[in-house]
Structures are given as C-alpha cells and as structure tokens.
Amino acid sequence: MKKALILVLFVVMALFLSACGRGVLVGQSPPAEASPDTPIVEPSVASEKLEVALYFSDWQAQHVIPEFREIDNDNANLAERVVKEFLKGPEQPHLYRTFPEDARVLSVEVKGDTVYVNFQSGINIPGSAGEGAAIRSLFLTLTDLPDIEKVQVLVEGRSDVSFGGHYLLSEPGERPQIVTYPIFLDEERARWLQERADQGLETWRFDAVQVAAREGRMLGFNEDSVFELIETSSGANPRAYVKAVHEEQEYIIELVQPASKGDTGVWMIININAS
C-alpha cells in the first residue's frame with residue numbers, strides 16, 4: 001500500500017513538471033501559436049516636430065519674410081528636407097515664392113559648415129530684384145539651420161552659374177548682411193496675422209521683442225543676435241523700439257500695431273537703423 005502511494009505521487013509530480021516545462025499550468029490552455037500569416041505590428045514611435053523658417057518674398061519684392069513651418073525631426077538629411085519644403089512655396093497668403101514652380105533640386109549635401117545645393121538646369125529668374133530675392137531667400141533659409149555657415153549653389157554639378165545673369169554664384173556665400181532700410185507695411189497681411197493671433201495662433205506677435213527677434217531674421221539677424229525693448233508708446237498709433245545687437249553693432253528696430261492696439265495687437269516691423 002505504501003509503495004502504491006509513493007508511485008501515485010511520483011506520477012503526479014512528473015505530470016506537473018512536464019506541464020511547467022511547456023509554460024502552462026494544469027487547468028490552463030497553452031498559448032496559441034502565431035500563424036505565419038499574422039502581421040507583426042511594430043510599436044509606433046511619435047515623431048518629434050522641428051520648427052524651421054522658410055523665407056519668401058513680400059508683396060513689394062523688397063524683403064524676404066520668414067514663414068515658420070514644422071517638419072518631422074528624424075535622422076534624414078535636414079538640409080535636403082528644408083530645401084524641398086522651401087521649393088514648395090509659401091503656405092501663408094501675402095507671401096510669394098522666389099523660385100519658379102518647376103525648379104528641381106538634384107541633391108543637397110552638407111560638408112563641414114557648407115551646404116551644397118545642386119539644382120537641375122533650366123531655372124530662369126528674370127530681373128535683378130527677383131534674382132537677388134531668390135538668392136537671399138535660399139541663403140537665409142539654409143544658414144538658419146544649425147552649423148550651416150555657407151551655401152554653395154550648383155547647377156548639374158557646375159558652380160559657375162547664375163539664375164538670371166545678374167549674380168554669379170561661383171563661390172560659397174555666407175548669410176546676407178544686415179539691411180537697413182524701411183519696410184513697406186502690407187495692411188492685408190497685417191489683418192490676416194491679427195485674425196490668426198485672435199484665434200490663438202502665433203500669439204508671440206503680441207510681444208514686440210519676440211517679433212523683432214523672430215521676424216527680424218529677414219533683416220539678417222540670427223540666433224546670436226540680442227534684442228532689448230527700449231521704448232513703447234500708446235495712443236492711436238502705438239510704436240515700439242527694440243535695440244538689436246549683432247556682431248557688436250547696435251541697431252534700432254521700429255514696430256507698429258497696424259490692426260488692433262494694446263496688449264492684443266500684433267506688432268510688425270516697419271524700419272531699422274544702425275545705432
């Protein structure tokens with residue numbers, strides 16, 4: 001009798017160990033095996049966004065104004081993605097493309113502090129003002145990127161090129177210098193920006209210093225420039241004066257509120273002078 005009981009216990013223990021080895025317990029169903037046709041679902045990773053400034057012409061073809069756009073911040077060639085976004089043209093009204101719609105880029109390559117932008121042949125930009133705006137818009141857009149100091153334009157791999165016959169782009173060019181002349185106010189754009197701010201978009205435009213620092217980049221300032229509010233005036237035609245220091249040179253930027261006034265009125269730059 002004792003031997004029979006020992007034998008029964010031995011059999012029960014063997015069955016228990018066998019079940020554990022298969023990853024299941026007595027009373028549980030074994031896990032279903034995946035079918036070869038079952039798709040493998042990878043965990044999704046949220047893509048971070050990076051804000052970049054793309055420069056387009058104003059209504060008078062006098063200045064190029066930054067349009068702030070968010071793009072995916074992945075490991076791809078950032079300069080290449082920015083050039084492709086730039087060539088799509090502006091998304092906002094009251095800004096205008098500086099390169100023709102059929103402009104195509106063959107490659108964008110960064111070497112050291114210089115980005116090489118190789119265009120397909122056939123780009124023609126008539127007029128010295130239009131050609132100058134195109135070059136300035138491209139150079140400002142790219143030298144806004146981290147570690148980019150120079151831009152070399154190529155066409156089909158050649159560096160002795162010109163988009164309209166007025167400017168020869170045979171050598172790498174640096175970020176354009178600070179310009180110091182008046183900016184014609186676009187009242188339609190001012191109303192559009194005010195409507196956006198009233199809706200909670202780009203509310204930084206309520207702050208004269210932020211406008212000088214962000215939109216003032218069209219004048220040639222960069223992330224190393226320092227901005228300080230000097231004076232504001234109220235009344236029917238409010239004014240703000242912001243001091244900007246760039247490479248040890250001081251400038252005074254003048255701003256107005258062309259639409260709404262006071263704390264909820266957007267500021268716009270109308271003038272800049274060397275101090």
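Trainee: Which residues line the second largest cavity?

Mentor: A cavity is, on a 1 Å grid over the protein atoms alone, a set of points where a 1.4 Å probe fits but cannot get out; a pocket is an open set with protein on both sides within 12 Å along at least five of seven lines, and lining residues have an atom within 4 Å of a point. In this structure, Phe56, Phe86, Leu87, Gly89, Arg97, Thr98 and Phe99 line the second largest cavity. The model is predicted: local features need pLDDT of at least 70 and side-chain atom pairs count only at pLDDT 80 or more, whereas totals for chains, interfaces and linings use all residues. Residues are numbered from 1 along each chain as its sequence is written, and side-chain values use heavy atoms, with hydrogens and water left out.

Trainee: What is the volume of the second largest cavity, and how does its lining divide by class?

Mentor: A volume is the space filled by probe spheres set on the points, with grid points joined across faces, edges and corners. Here the space is about 40 Å³. For classes, Ala, Val, Leu, Ile, Met, Phe, Trp, Tyr, Cys and Pro count as nonpolar, Asp, Glu, Lys and Arg as charged, and the others, Gly among them, as polar. The lining of the second largest cavity has 4 nonpolar, 2 polar and 1 charged residues.

Trainee: How many cavities of 30 Å³ or more are there, and what lies around the largest cavity?

Mentor: The count is 2. The largest cavity holds about 110 Å³, and among its 13 lining residues Ile65, Ile183, Phe184, Arg189 and Met268 lie nearest the centre.

Trainee: Which residues are closest to the centre of the largest pocket?

Mentor: The largest pocket has a volume of about 430 Å³. Of its 19 lining residues, Thr143, Glu149, Arg175, Asn222 and Glu247 are the closest to the centre. By class, this lining comprises 5 nonpolar, 5 polar and 9 charged residues.

Trainee: Which element gives the most to the lining of the second largest pocket?

Mentor: Helices (H or I, at least four residues) and strands (E, at least two) are DSSP runs, numbered from the N terminus. Strand 1 gives the most, with 4 residues. The pocket's volume is about 280 Å³, and its lining has 8 nonpolar, no polar and 5 charged residues.

Trainee: Which residues have the most contacts inside the largest nonpolar core?

Mentor: In soluble globular proteins, nonpolar side chains tend to be buried together. A nonpolar core is a set of buried Ala, Val, Leu, Ile, Met, Phe, Trp, Tyr and Cys residues joined through side-chain atoms within 4.5 Å; buried means under 20% relative accessible area with a 1.4 Å probe, protein chains only. The largest core has 59 residues, and Phe99, Phe119 and Phe163 have the most contacts inside it. Helix 3 (residues 128-143) gives the most to this core, with 7 residues.

Trainee: In what order do the strands of the open sheet lie?

Mentor: Strands of a sheet pair through backbone hydrogen bonds, either parallel or antiparallel. Two strands pair if DSSP finds at least two bridges between them. Here 4 strands form an open sheet in the order 3-4-5-6, with mixed pairing. Its edge strands are strand 3 (105-111) and strand 6 (173-174), each pairing on one side only. Strand 3 pairs with strand 4 (residues 114-119) in the antiparallel sense over 6 bridges, and Val110 has Val115 in strand 4 as its bridge partner.

Conventions:
Buried < 20%, exposed > 50% of the residue type's maximum accessible area, 1.4 Å probe, protein only.
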